[in-house]
Each structure stands twice: as C-alpha cells, then as structure tokens.
Amino acid sequence: MKQPPWAPGVVTTLFASLAAVAGCDGSGDVPAGRSVEAITSADGGCVDDTANRPLLRLAWAAVPDEGASTRLGTEEVSLVVNNPGRAPVQATITVRADAGTPQQGAQRFTVARLDPGQSTTLAIPVRAFGLRTAAMSHAGQITASASAVPLALDAAGGAAPAGPAEPIVAPILYFHRDPATSVLIAYGERVLHDRYHSGDLRASGPDEPDTYTVRIKQGAALPYSADLLAEAGAPDDDGGAAAPGAGFGGPGDVAANVYSLCIKWEIRLTDSGRTVVTQAGQTITEDHWNDPSGSHVVTARGVRVRLTKGSYSQVFDTNPTTGCFTFTHPQGGPFDLRVYAYATDSSGNVTRVRDAEGKTFSFVEKGIVPTLGSPLVVNVGNETPRATLAAIAAFSAYRSRFGLANKQIDIEEVNTCGSSGGNNSSAHHDFSDLANGLAHVRIHDGTSPTCSPSDHRRQKFVVSHELGHAWMLLHTKTAEPAADSSLVDPEETVCGTGNGYTPNSLEWSAIGAREGMAHFYATLVWNNRSTDEAVFSFFGSPANMEHAPPCGGRLLNVCDTPDKAGKSVNMDWARFYWHWHAPYESDSPSTATMRQVYGRAIANGGLARDNYYDKLREALDDVDMPSKVRVRWDHYALQDGASGFACQEPYAYPDCPFEDPEDGAGYPGCPCADVTKTPHVHDLDDDGRYPDGEGSYLAHGMGGVGQFCVDESAGLPKGSVVCGMAPSLGSNVPVCRTCGVDTMVGCPCSNDDACSALGDDLICWGATNNLASESNWKSDLPGRCMPSSATPAGRERLTEVPWICLDNCGAKAGGGKPDTYVCAYDQLDHYLPHAQCVYTNTSSPGYCESKGLHTDVDASCPLDWDDCCVSECHSEAACDSLGFPASYVCDMSGGPGHCVPDGCANPKTLPNDLCSMF
C-alpha cells in the first residue's frame, strides 16, 4: 500500500481533531495542550485554528524536505522535536531502522517536558541500530513516531497529563552506503524515487517514477502502512480519511485568500481483497484497494472539477498524485463543486467516463466551505458504479500507461448484450480514432441479465484489463492481426471449453499474447513489482502470478494431435510477461520497452494465429535495449514453456554419459551443478565452485542460485570445464562445456590468442606478459577468457557476468600461494556485489570484501574484524605490490582506495556499471 503524499518542504504532522473552542470571543478557556490563534478573515470574522495545531512537529535536520539529500560524515542523524503550541508536552519517541533487509533495529527516547515554542534535537547514531550497512543493494529507511501527551501546569509549576495521547510521525528518511566512498547518504522520498530507483539500488532506473509507491527492498522490515501508521493511528491515503494538510503547506499557511481542496472518490468494488496461498504457505492479496468489503475512499487523481459561486465559475485539475488543488477567492465559500469523471495524469493522458452521447458524467456537492490554511477534503461519488469506474481508470493511468503520453481513453458504460464484436466489456470494438490518439473502451453495466448480470464497473481487474488493451492499441494504432479463439482440442477435459473463453481456456498464441498482456497490465496496476508474487483476479477468481494454472504451462500450443508439446492458456502469457518485468531489477524491461517490443512485432507483419511467440522474440532484436534484458526474456520464456519449435523435445544433453543427465550435474555435457553456500572459503579450490561461465544464471536467474561445473569429475585439469550454454527450443539452457572444445568464456588462458581460438572476440584477463590493457598481471597463474572492455559490445557483455573475477587471485597472493585468495561470489554468507578475490586464511572470509575493503593479511583482529579491513591501496605502488598491471591506478576518490583500470578513476572514461565490478 502507498504512503501518504507528504508535503514537499514541510514538516509532516498528523493532526488531532478538536471542536472549535472559545478564544476569538474570550468566552472560554483554551484546553490544556492546545492553542488558539485568532486570525482575521476577509469578511472580518475570527478564525479559530485550534484543530490545525499539532502537539509536536518532527523533522530530520539533515534532510529538511523530500527533495533533499546529504552525506552523513559522522553516521549520525538528528531528529528535531518542536512544540508549536502554547502548552508543555511530554513525548515518547520511537525511531526504527532497517538496511533494506529483514533485519531491523530500534531506539526509544523520552522527552519529559517540552515547553511551548521550544525545540530539542535527538542525536541518533546509525550504528546503534546494529544494522549491516556494507554493500547495500536496497535503500534502508529510518522512521520516527511519537506519542505526545499535553501537560497542564499546577500552581507550583508542576506538570501532569491533561489529555489523550496524539500520534505524530516524521517523514521517512532513506539511506544507503555509497559503495565508492563507504559514506552514508541520507535522502527524502522524492530523491528515493527520482535518483535511487525507489530504493532498488541495482536497477537501471524506472521508466515511470510515479508508479513506485513503496520502497523496493529485500526484506519485510517496517512496511510503512502496516507498522508505522498502525502504531501512529493514522489513516492510509488510499484506504481512509485524508490527513489535513496532505499535499500542501503546513499548519498556519494562510496566504491571503488562498484555499485548498482535496477530492476523494467514494467507491465500492466487487473484486477487492481476494487471497491466494503461496507455495510457502503464506496468504497474500493485491497491494492496492484490497479491503474485502469493497468499500474504499480513494484519492481522485488528476480529476477535473468546477467551482461556482454566483458569477464565479472556474475549472481546475487536481494534482495527479494528491488529488488536491489550490485557488484564490476574495470571500471564500460556500461553493458548489462539480466533479467530472475526467482525469489527467502527469504525462498528459486523459481517461474519461461518458454516456452514449459523449457527455462526461459528473457529481455535484453543494455548500462547500473551505478554510484558510487547511485543505478541505471533499468525498464524492457515494459508492456509485460510475464513480467507481472513474476512480479505477484514473488510478490505472497513475500506476502505468506503458510509457505513453498525451493520449486519451474514452470509457462508455453500456449494456453490451448483442453488441457488435461480442458481449461484455471490450477495447476491440471501435478503432476509428486510434490514429488521433483516442481509444474507445466499453464496460458492461450489468443492466441486462440475458448476457451477463455482472456489473463490470465495480471490478477493478476487469476495467484495468480493458485499459491495458487500450494503451497498447494507442501505440500500435491497429488491432492485433490473426486473433483467433477457435482452438478446440477434443482430448482436453480441463481447459477444453470449445469456443468459450476464460483466462485458463486453451487458446492460440495470438489470443494468449494479446490477452496475457492485458492481464499483465491489470496485475501491474494492483500489485507492487518488488516481488514475483502477485494476485490477479478476473471476475472475482484470484490467481497467483508466480504459480502455473491448473492446466497449460506453455507459451506455445499444440502442433497436431496426438504430437502435443503442452497446452497454452492466457495466464501462461500473463505469467511470462510478469516474470520478465517483476521483480524490477537491472535486467528487467521497462513497461515502455515491453510496449515497443509488442508494437514492433505487429508492425513487422507476418503474424499468424500460432506464431506470436516467434514474432515477439524476433522483435526483441529490433528494439534498443541492453542484451541482459533479452537474456532475461530467454530465461523466463524457457521457464514458462516457450519454444520456437513447439513439438521439439527439450534439450536432451546428448554429450552427457549418464542415463539421467541430472545424475551427472557438473560433468562435461551434463547440466551445471548448483553452487552451495559455505563458511569455509578455504575449501574452495582454484576452480572455485563459483559461477564460472555464461550459463551460470540461466537456470535460476540473477538473484537465484548460481551454477558451475566440476573439472575433477572428468579427470580434467582445473578450470577445464565451465557452465556454458546450448541453444534449445528457441532459447538457451545451461550445460557444462569443455574449454577449447565448445567454449572459451571463463576458461583459463595465458594469452589473447588462446581465447580467440574458437572465433569469439575474447581476451585473456589476468594473464602475464600480454599486450591487452586489462592484462600484464604479475603472476605465473593463468588468466581467464573474457570479453574486452575496449568495445561497447565487450563492455556490455562484461557487466552481464558479474560472477566471474576480473582480478587474478594468484597475483594478489604473490604467485607462490595460489590458495590464499580464491574467487568467490554468491556462495558466501557475506553479500558481494560482484566476484572478488577473497582472502581465505581467516575465520570470517569475505567480511572485508563485502564492505568494499581489503583484508590486511598481517593485521591481528581477534575482537573486531573491522581492524583487519583496510583500503586496498593508497598509491600505485600498493597496486603494484598486489600484482595488478601497470595500467591500473589507485582510485581514492571519496573513500577507500581501490586498484582499478585507469578508465575507472576520476575522471572516468569507462561506464559506471563496468567500473563497479572492480
């Protein structure tokens, strides 16, 4: 669920609601702990701002607003606690933190008394949370919440509680440790989204920043809506009443004649809060608008409104994120407010709900009286189907529009019985305005039970599904060709529905590819993409996008009976698209990229009802994207059952001498073996037992278990077998390859010529007396065949194999002790962002390397391992002593020194993603 839209540049507080009290007319006393400030209004009246005053304000001194960031040289954050009222307050303040993992820590503070107008600053050392902040791959966060109690003073000056506790929260503070300098960087919400990829520090960057509504992280520590807001007693932005002030200035902001209104839709759904059980036995539901009752009050994002009072009549569009807007008027209310089912998103796209005559539906609220200095929240819609439909459409565009801008979708509610193009809701019934950037969607209103009594206007997944079609049609400007739902398999008893259509009915790939994309879009709208688990609910029937349906399981369908290669249903395609995209990682495609691939396949032509997978795969090569995004396609296509040869048998490992190839895992010609974690790196020989070739992550994907191949099992010299890959079913599968026979990538070498023996453009990284700039290492141990950094293509290939060391571990050991350092990656308990030479003669191997430091082999550190962790270098001489080539320099820009190629030292001439591997 999303976080409240904190106001930029303003300390965020939650406000207690108190009835207006005496103060303007002097007829009563001010309640203890509250303040009354008389403000003269435009008509000469007295405005009581008691309800707008919090007991406390919490702010981070280093990050005053959500767009700020700072470096924490002392690794300490300061929380400023301010009393803006006119009575003393006592408070209990809880500060919690995580480092982007499930591990969390907490610190508690007590402010016994804070007098009016006073502030106190709490110094909070980050180390005191006990977090592991080295080599963070996800942003950490620090939250602060307070329970504030007003105090009444007695005659002797003593203070006693004089009212209920009021919950106060501070804006969330985010942080991570800069891998280049090891300094902690702290920042606000907007910086998290715009600069640090919503907290996924590995990502290449979001294509639609406002689709990120929660911090992406590995663990489940401190989920904002579940823990912090429950503790503070605050409502959630998308599930309850709004907090006064959200999205605009803070309390007391009373610029002359300036008023603020925030609009909320009152809606009722019939498909919210459906649950599924994961394979781990966990019950999950969708992330947004998931109250099982179906009743929600949600932000009216970008909605168009008209304010009228006498001759005054003005139209406004609310903010697409907050649903709020400001306006000026010399006298203020009462106003009549008309809210239209018409919304504009931050990219200029419009969604509109209209009647058969093209008129936009609207809702009227009369007698609206806003107050200065405090936004007024107005709820409209009264849970009607039309309001529900308008809210779903605007939220869908807010979450994702496939990277499109300045388009319009007109949505008509209609009884679709007997309509052209078939009954029920559709986006494929009217293509007349696509060339003008306008798509037409019809949503069945359930008014005639002869075809379907179900009111689709209340089903968020159905509406978003049709909008997914509409966005894609706006890109392609034409309907998908060869769409054919006539596939019938007389032998299929579970999915064989004749010509009937369901998400799990047997279909040609033309239908699967099209409908699966719309299912994917609906899933993306209502689920966060930080995990592979997601709920899709069509007509109220939920499914987990991580698990296969009861039938199907492939992207390609049958050949001819009885030679079947599996069955394909629409949910197979939806699951494949979701796997390709989520969880969002550095090799994930943006939704804009997905749209481009889909559109290019249609533009290229040649589509038939049974070849959509082949044509989409061909279109990948026509769209500009990193090759690792294509690799991710192939990985999940293979996992989810794609095949360019639907009746061809899967790869049979023809060179594997075992009857069951799995029995020969790690043996040449057989499947690769899984890496197992070990605390004893000295058990790893020079071959490494670490991921060692291009196929090392095909089976389980990046972030999963890597694979390797064992040389000794074949009686071959060390380093003679690596985990390569073989083409199969239109993709690649991991298979153990023999160096010099069928692969050279990752193989040992002494010079560049050996690496190019099989025709691949490779050089010998880590070799001695070699002309390549990456080589000339001071070691008598071999190097490894790897792509060169001299070309863009080579640099990109290098960044796709972070599990292979670019250093010569034998050189670091001085050449005479080859087992002192071994190359390690993901088999350690300590997180390593890339493969590194790890010192083995220690009881905590990899500890220093995980912190971006070097193990001091001569140091003694029995009590504190940090004493053994030092900079790799302070000068080029240190790099020379560690065996690095003469072309390497000591880069000390902003932190611990590292020996890197000259192009990775400031000023850099090589790309950051390549330099991060050193």
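How many helices and how many strands does the secondary structure of this protein come to? The answer is 15 helices and 41 strands. Both are DSSP runs numbered from the N terminus, with at least four residues (H or I) for a helix and at least two (E) for a strand.

Before I go on, this is a predicted model, in which local features need pLDDT of at least 70, side-chain atom pairs count only at pLDDT 80 or more, and totals for chains, interfaces and linings use all residues. Residues are numbered from 1 along each chain as its sequence is written, and side-chain values use heavy atoms, with hydrogens and water left out.

First, burial. Of the 918 residues in the protein, 56% are buried. Buried means under 20% relative accessible area, exposed means over 50%, and partly exposed is in between, with a 1.4 Å probe and protein chains only. As for contacts, meaning heavy atoms within 4.5 Å, take those with a separation of 6 or more: residues 24 or more positions apart account for 64% of them.

Next, the cores. A nonpolar core is a set of buried Ala, Val, Leu, Ile, Met, Phe, Trp, Tyr and Cys residues joined through side-chain atoms within 4.5 Å. The largest one has 93 residues, and Ile 263, Trp 265 and Tyr 577 have the most contacts inside it. Leaving aside residues up to four places away in sequence, Ile 263 touches a list of residues including Val 298, Val 305, Phe 325, Leu 337 and Val 380. There is also a second, separate core of 37 residues, and Cys 809, Leu 882, Phe 884 and Phe 918 are among them.

Now the aromatic rings. A pair of rings is described by the distance of the centres and the angle of the planes. Rings of Phe, Tyr and Trp (its six-membered ring) pair if their centres lie within 6.5 Å; planes under 30 degrees apart are stacked, over 60 edge-to-face, and the rest tilted. That rule gives 28 aromatic pairs. In one of them, the ring centres of Tyr 651 and Tyr 653 are 4.9 Å apart and the planes are at 80°, so this pair is edge-to-face. Tyr 651 is partly exposed at 22% relative accessibility, whereas Tyr 653 is buried at 14%. Phe 658 and Tyr 667 also make an edge-to-face pair, because their planes are at 80°, with the centres 5.7 Å apart. Phe 658 is partly exposed, at 35%, and Tyr 667 is partly exposed, at 24%.

One aromatic cluster is formed by Phe 520, Trp 573, Phe 576, Tyr 577, Trp 578, Trp 580, Tyr 613 and Trp 633.

Some rings have a charge over them, which requires NZ of Lys or CZ of Arg within 6 Å of the ring centre and within 35 degrees of the ring normal. Lys 309 has its charged end over the ring of Phe 335, 5.9 Å from the centre. Arg 529 lies over the face of Tyr 584, 4.2 Å from the ring centre.

On to the disulfides. A disulfide is a covalent bond between the sulfur atoms of two cysteines; here the cut-off is a pair of sulfur atoms within 2.5 Å. The structure holds 11 of them.

Cys 749 and Cys 764 form one, with sulfur atoms 2.0 Å apart. The angle about the S-S bond is 100°, and the link is right-handed. Cys 749 lies in strand S33 and Cys 764 in strand S34, so the bond ties together parts 15 residues apart in sequence. Both cysteines are buried.

Cys 755 and Cys 785 form another, at 2.1 Å. This link is left-handed, with -85° about the S-S bond. It connects helix H10 (residues 752-755) to strand S35 (residues 783-787), 30 residues apart. Cys 755 has a relative accessible area of 0%, and Cys 785 has 0%.

Which strands form an open sheet with S35? They are S33 and S34, in the order S33-S35-S34, with antiparallel pairing; two strands pair if DSSP finds at least two bridges between them. S33 and S34 stand at the edges with a single partner strand each, so one side of each has no neighbour in the sheet. Four bridges join S34 to S35, and Leu 762 stands opposite Pro 787 in S35.
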